[in-house]
Amino acid sequence: MTKFTALTLLLLAMLGCTGKPDAFKDVPAGERAWWKEAVIYQVYPRSFKDSNGDGVGDLKGIIEKLDYIKSLGVTAVWLNPIYSSPNDDNGYDVSDYRNIMSDFGTMADFDQLLQGMHQRGIKLIMDVVVNHSSDEHPWFVQSRSSRDNPYRDYYHWWPAEKGKPNYRYSLFDVNGDAWKYDSTTNAYYLHYFSQKQPDLNWENPKVRQEVYDIMKFWADKGVDGFRLDAFQFAAKDTTFPEFPVGYEKNFMPYYAMQGNLHSYLKEMNDAVFSHYDVMSVAEGAGNSFQDAHDLVDADRHELNMAYAFEGVDIAKPDGYSLVHLKAVFSRWDSAFAEKGWLSIFLSNHDQARLVSRYGNDSPPFRSPSAKMLNTFLLSMRGTPYCYYGDELGMTNSGFKSISQYKDISAINGYQKVLNEGGDTLQYLKNMAFGSRDNGRTPMQWDAKTQAGFTSGIPWLPVPANYVSINVAAEEQDPASVLNHFKKMVQLRKTNPVLVYGQYQLLAPENPDIYAYTRTLGAQKVLVLLNFSAKNLPLELPELKSIKETWINNYPEASVSDGTISLQPYQAVIFNL
Ligand code: GLC
């Protein structure tokens with residue numbers, strides 16, 4: 001029996017962590033890109049750190065915490081929208097794209113934040129929300145004022161004398177109706193999201209030029225990348241043909257990647273991306289691998305990355321099948337094995353907490369399962385996107401009543417169920433598991449009042465477990481989720497096999513264990529992840545050629561004669 005003691009593990013992990021400064025030198029230069037080697041940390045500004053006691057996070061708060069972000073080892077930050085907004089959808093309804101939301105601070109704060117990040121070697125990715133604007137944006141105020149206003153064609157209008165337009169489904173509307181009648185000009189306008197988020201008309205070249213100018217404004221300030229919000233919906237068939245009855249149950253084929261979307265992206269690339277060293281990533285990857293490839297194929301000059309929802313949509317309130325999850329991630333990997341690059345994520349501001357959805361947030365298993373999930377995200381091929389708080393293993397908040405929710409999608413969704421005479425109790429149960437507000441609670445900094453997030457009343461309550469799950473406590477504990485996360489980030493940053501290495505799924509039918517190898521040249525590593533609360537043996541020929549342990553979320557790994565005995569939610573990476 002081979003026993004790896006805690007000390008040996010630590011030393012071996014440190015060796016891996018130390019690496020060589022030029023560890024990536026053998027990777028062909030043409031294959032390398034900073035955004036492929038990046039570890040992206042997503043900050044939801046409303047919930048990260050409040051510097052002025054108004055209960056809302058702000059830019060000065062993020063500035064205060066830059067050393068913390070640096071300590072994680074991450075190399076880039078994606079900030080959710082920070083532009084002026086009436087906050088119908090927490091900043092995803094922009095009323096001025098060249099200004100900072102007053103809740104968050106000023107442009108001077110922004111400049112200081114960007115400078116502070118760059119001084120620490122951290123890049124900044126901005127969210128660009130241009131499928132729609134706020135209805136309070138001056139463009140829309142103009143557009144709705146009269147039919148012959150020069151801004152009329154910035155949005156989609158349907159004159160009421162032509163009758164009601166063909167049904168379009170809205171994701172956030174209480175009636176699910178994306179057409180809103182506006183009496184000022186006796187016409188309907190289109191909003192795929194809330195009534196206060198009218199869709200911009202991308203078929204209008206003036207709109208496109210406005211957007212490119214806005215992006216250049218931020219790129220000229222020195223930002224390092226853009227995340228295009230809901231962009232796969234931007235292009236539309238403006239004749240608004242009828243869609244089949246019930247299409248809203250699976251609306252993606254009707255909404256995503258329509259019309260001239262690809263040519264708009266090429267135009268954007270030509271106007272913006274090609275002039276700066278910026279990365280670009282789209283939310284949504286279309287309806288097929290072909291769509292996803294077309295978005296990111298370097299020869300097409302559109303985007304660097306897209307992120308697909310298939311993986312993140314798997315977890316459901318009554319559980320999920322690991323075999324399915326493995327199949328999805330493996331399918332995406334193999335489709336991108338030769339060309340293109342993936343985004344790896346299982347949580348963000350539109351999802352509930354990582355450990356509560358994909359792991360096990362009950363006290364005995366929260367810590368090992370959170371570490372296991374972070375090991376997964378940081379050992380896959382593709383750029384990992386890590387959501388704030390997941391590095392601590394923050395959990396869902398356990399809201400019980402609709403009055404506790406702040407998210408427009410939860411609140412309007414509840415109203416819709418009520419209007420339709422549906423089961424509101426079931427709805428609340430689903431929300432407790434999957435609501436976006438679960439993933440938006442304040443960052444848990446310490447065990448003081450309001451988790452050190454604010455000196456006031458936080459805009460969303462802090463989960464009660466902040467007393468033990470917080471940065472201050474986890475920094476002190478060598479075995480914390482936080483310290484495991486940091487170790488894992490270092491391992492990735494110093495070992496190209498974890499970034500560029502070929503991925504090979506092992507034991508695909510095993511219902512509880514996710515096992516794979518990553519191989520780059522002569523280097524091969526084995527990743528073993530127990531997704532269950534059971535002690536489980538696993539036999540693999542690879543286990544006979546272990547050279548060292550790179551990381552382990554338990555003090556020991558018990559390997560004997562090609563069989564490992566994995567503990568609940570154990571995650572271990574062996575160098576073979
Ligand atoms: C994207 C954002 C989400 C927002 C929606 C409308 O899906 O990630 O938070 O509500 O677009 O902008």
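Guide: Let us begin with the ligand: a polar side-chain atom of Asp89 lies 2.5 Å from one of the ligand's oxygen atoms. Such a polar contact is a pair of N or O atoms within 3.5 Å. The model is predicted, so local features need pLDDT of at least 70 and side-chain atom pairs pLDDT 80 or more, whereas totals for chains, interfaces and linings use all residues. Residues are numbered from 1 along each chain as its sequence is written, and side-chain values use heavy atoms, leaving out hydrogens and water.

Visitor: How far is an oxygen atom of the ligand from an N or O atom in the side chain of His132, and in that of Arg436?

Guide: The distance is 2.9 Å for His132 and 3.0 Å for Arg436. The protein covers 95% of the 300 Å² of accessible area that the ligand has on its own (Shrake-Rupley method, 1.4 Å probe).

Visitor: Which of the 13 residues around the ligand come nearest?

Guide: A residue is near a molecule if one of its heavy atoms lies within 4 Å of it. Here Asp89, Asp229, Glu283, His349 and Asp350 come nearest.

Visitor: Which residues touch the most other members of the largest nonpolar core?

Guide: A nonpolar core joins buried (under 20% relative accessible area) Ala, Val, Leu, Ile, Met, Phe, Trp, Tyr and Cys residues through side-chain atoms within 4.5 Å. Of the 172 residues in this core, Tyr41, Tyr68, Ile69, Phe110, Phe226 and Tyr514 touch the most other members. A second, separate core has 17 residues, including Ile513 and Leu540.

Methods:
Polar contact = N/O pair within 3.5 Å; in protein donor to acceptor, adjacent residues only side chain to side chain. Buried < 20%, exposed > 50% of the residue type's maximum accessible area, 1.4 Å probe, protein only.
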